[in-house]
Amino acid sequence: MKQLSTKVTSNGHGQDSSYFLGWEEYEKNPYDEIKNPNGMIQMGLAENQLCFDLIESWLVKNPDAASLKRNGQSIFRELALFQDYHGMPEFKKAMAEFMEEIRGNRVTFDPKKIVLAAGSTSANETLMFCLAEPGDAFLLPTPYYPGFDRDLKWRTGAEIVPIHCSSSNGFQITESALQQAYQQAEKLDLKVKGVLVTNPSNPLGTALTRRELNLLVDFITSKNIHLISDEIYSGTMFGFEQFISVMDVLKDKKLENTEVSKRVHVVYSLSKDLGLPGFRVGAIYSNDEMIVSAATKMSSFGLVSSQTQYLLSALLSDKKFTSQYLEENQKRLKSRQRRLVSGLESAGITCLRSNAGLFCWVDMRHLLDTNTFEAELDLWKKIVYNVKLNISPGSSCHCTEPGWFRVCFANMSEDTLDLALKRLKTFVESTDCGRMISRSSHERLKSLRKKTVSNWVFRVSWTDRVPDER
Amino acid sequence: MKQLSTKVTSNGHGQDSSYFLGWEEYEKNPYNEIKNPNGIIQMGLAENQLCFDLIETWLAKNPDAAGLKKDGQSIFKELALFQDYHGLPEFKKALAEFMEEIRGNRVTFDPSKIVLAAGSTSANKTLMFCLAEPGDAFLLPTPYYPGFDRDLKWRTGAEIVPIHCSSSNGFQITESALQQAYQQAQKLDLKVKGVLVTNPSNPLGTMLTRREINLLVDFISSKNIHLISDEIYSGTVFGFEQFVSVMDVLKDKNLENSEVSKRIHVVYSLSKDLGLPGFRVGAIYSNDEMVVSAATKMSSFGLVSSQTQYLLSALLSDKKFTSTYLNENQKRLKIRQKQLVSGLEAAGVTCLKSNAGLFCWVDMRHLLDTNTFEAELELWKKIVYEVKLNISPGSSCHCTEPGWFRVCFANMSEDTLDLAMKRLKEYVESTDSRRVISKSSHERIKSLRKRTVSNWVFRVSWTDRVPDER
């Protein structure tokens, strides 16, 4: 008799992909400015390390929050015992207000509709358990965060059917792509329960356009299915455009208290905006009472430590801090992203225009030997082993076109980023096609710049969040 | 089309039982010495509130641990980023050593075989996912912790088949009961994947005897199935007998590196011994590499906050603290339990002899109108609404005999416990049957005391851990 479940013996956890090779290689030979200057630079990790100083200053000025005290008095006992799966009220209130602030206070979040979870990993899985039976499917636009294969499918038995997006229009979601995906699911005899998008997109680093959001809301309305909007990167938007949440669109379409609003759910987390993946803070926001109720009970399996809820409720309740933080965070992300983009350009590599996230979506199609995923993997191995940069290949996010890579910029110092770009430039120039390609890249760059006037958003970013176990 | 999953629409979460009525009633009218002296006293909550002062003192002497510092330097950034699902190495080491200390250092725990989880709630569920397919069954001795119905079955699709234990032998597990349960599962066409016991028992507050553990190990060997030993209360043993873990038995039977040892898994948590349910710290210990590997990946869905791992690794690494704590904890639990037992005796209520846990298993069969569960529920309602004590009825732990109740003693002050006992005594004395019953109770108590010489362990305790959501 089989002693262990198929969940153990299969590879549903999704960690067998060659993608993880880069991780392992990095672990064996990690770059260190002093101790290992020739080591591998980690550019496959979507972490936000740019604003810790702001939080550290706040901690110094507010020592009670971490020390389990309130007004100088120990509240250790209260926190030690607090395991109410409804979550700490002051924390949920502070989270709701923070989410509102990120959206320019244009929409409101009711703390009672928030369900806390141990990270968005847990939040997404819980939502799947609530919305899908084993064998049901969710439609996801490609490319998507590799971790979804595990988070949405592994223990739930749900399926993912891709909505194919292409570079021809900057990977935007189109109506025909949505319909095709829906029909594909039907062909596979899978009941479609909803659509899940990450907005701003992971791995594509820009925000969904209003057009796309409207399209999605109309689509789920007509099909009577759900829409999950994972807005984990909502606070990383650094362009001049505002972040448009699905909640904005519901409001603008006057759908706020309607039946369809009950099928629109938002997932959030403090792992990216605040750079706190270790603290395991995620949330589900839903207008459907039954979902809030069931998800709340399920959160018993992944509650947020009361110690952490207390610290963060104090932090996020400080509005002076939150507004300065959000502003500064965006400034620094913008400047760091520009650095990466220019560095890539000087290596003759285009980076599609993005204005959010912690990464860029890099077009290396011109460096492929052939327009195949095998060639992409070969190129990737060279970059990992020869150039010693761990970047993430598009195939692991189910991108339909070979040659795209995600490169992170917010998890290292400026100097390390400069070094990485220097190495890359050296590599490109040293390859046989280097000289030819640089030239045609420059030409392509010029023509791209012309196109920006026509309002296309080249959304190209690769965020690899699988390293949430690192 | 059904829009929400059956997990949402069914009552698999187990929270519809009338048992929760007591909870709700308590919430509406909670006892407070000053503000609400006639309110309901909470005796249905297995929390350990007896030793917070020891931890608070330690925190005051070691401010770095909570303050996110090491040697006075901020390590906030390091902790904020730490999300490795292998867990903080120093924490796992400290946890392993703490588990060894609880077992008198007779057995060793290898930190690399520990998988952290957000509480034992999460740990148990994860183990189910690893060992059982939907429709497979685990055998559990009754009575058992009500939360298992949710933790083991709800999202996993696994089934529980009871091993019926009775008061005739102090609710000990017998070979025939094990065989009967196994056959019952087969009749129901369920594949038995293992046995799960809580040791010390929840809801029965004493330890499994060596005989029982040997029986279990032999049983799972012969059937080629798993044994999960939830040892969450291992640090609450306060009698003169030592706690015998399944790990002790494996060692004594020279089975430590055998094939059967790979099918024995221990679950632990700091929620009871240290009284820290709010911090969400649980662990799985397994000798099976595949289980450790899969459970580690699954722990992504419920990682322990790095802030909490750091605090507790400092606490548990302080051996002076841990040995003082364990000693003092046991002393205080013993005294408080004796207070409850005498208080009950004065009301003519026997409490079966126990030497572990945070509760007593109380025999109120003589107070029932009829020997039925309906009568038990009637009695329970009277105790909740009239006596204003929230205690837990045996039926909600699947006890096969009506009339048993679990009463907690470690979650309130001595004065509150005295008041509760006073109220109970008044109630018993005021009922019609009390005169007859008191007399027969006294006789019964005398005969029980005679029997203790014959080494029967009257293990009667009811621990209700469902109140992990309050």
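Mentor: Start with a pair of charged side chains: A:Arg332 and A:Glu328 form a salt bridge, with their closest N and O atoms 3.0 Å apart. The term salt bridge stands for a side-chain nitrogen of Lys or Arg within 4 Å of a carboxyl oxygen of Asp or Glu. This is a predicted model, in which local features need pLDDT of at least 70 and side-chain atom pairs count only at pLDDT 80 or more, while totals for chains, interfaces and linings use all residues. Residues are numbered from 1 along each chain as its sequence is written, chains are lettered from A and ligands numbered from 1 in the order in which they are written, and side-chain values use heavy atoms, with hydrogens and water left out.

Both partners sit in helix α14 (residues 319-346) of chain A, and because they are four residues apart there, about one helical turn separates A:Arg332 from A:Glu328. Helices are DSSP runs of H or I with at least four residues, strands are runs of E with at least two, and both are numbered from the N terminus. A:Arg332 has a relative accessible area of 23% and is partly exposed; A:Glu328, at 24%, is partly exposed as well. With a 1.4 Å probe and protein chains only, buried means under 20% relative accessible area, exposed means over 50%, and partly exposed lies in between. The pair belongs to a network of salt bridges that links A:Asp53, A:Glu328 and A:Arg332.

Another helix passes α14 in chain A. Helix α6 (residues 89-102) of chain A crosses α14(A) at roughly 40 degrees, and their axes come within 11 Å. Axes here are lines fitted to C-alpha atoms, for helices over the stretch in contact, and angles run from 0 to 180 degrees between N-to-C directions. On the α6(A) side the contact uses A:Glu97, A:Phe98, A:Glu101 and A:Ile102, and on the α14(A) side A:Lys319, A:Thr322, A:Ser323 and A:Leu326. Contact means heavy atoms within 4.5 Å. By class, the residues where α6(A) meets α14(A) are three nonpolar, two polar and three charged. Ala, Val, Leu, Ile, Met, Phe, Trp, Tyr, Cys and Pro count as nonpolar, Asp, Glu, Lys and Arg as charged, and the others, Gly among them, as polar.

Now turn to α14 in chain B. Helix α3 (residues 52-61) of chain B packs against helix α14 (residues 319-346) of chain B at an angle of about 160 degrees, with 10 Å between the axes. That makes α3(B) roughly antiparallel to α14(B); angles over 145 degrees are given that name, those under 35 are roughly parallel, 65 to 115 roughly perpendicular, and the rest oblique. The crossing of α3(B) and α14(B) is right-handed. B:Asp53, B:Leu54, B:Ile55 and B:Trp58 of α3(B) make this contact with B:Phe321, B:Tyr325, B:Glu328 and B:Arg332 of α14(B). Five of the residues between α3(B) and α14(B) are nonpolar, none are polar and three are charged.

Two of the residues in that contact also form a salt bridge: B:Asp53 and B:Arg332 bring their closest N and O atoms to 2.8 Å. It links distant parts of the chain, since B:Asp53 in α3 and B:Arg332 in α14 are 279 residues apart. B:Asp53 is partly exposed at 31% relative accessible area, and B:Arg332 is partly exposed at 22%.

Chain A contains 17 helices and 15 strands, and 64% of its 470 residues are buried. Of the contacts in chain A with a separation of 6 or more, 78% are between residues 24 or more positions apart. A:Leu417, in helix α16 (residues 414-430) of chain A, is buried with a relative accessible area of 0%. Leaving aside residues up to four places away in sequence, A:Leu417 touches A:Met43, A:Arg336, A:Arg339, A:Leu340, A:Phe409 and A:Met412. A:Met43 is 374 residues from A:Leu417 along the chain, and their C-alpha atoms are separated by 8.9 Å.

How values were computed: Left-handed = near helix turned anticlockwise from the far one by under 90°.
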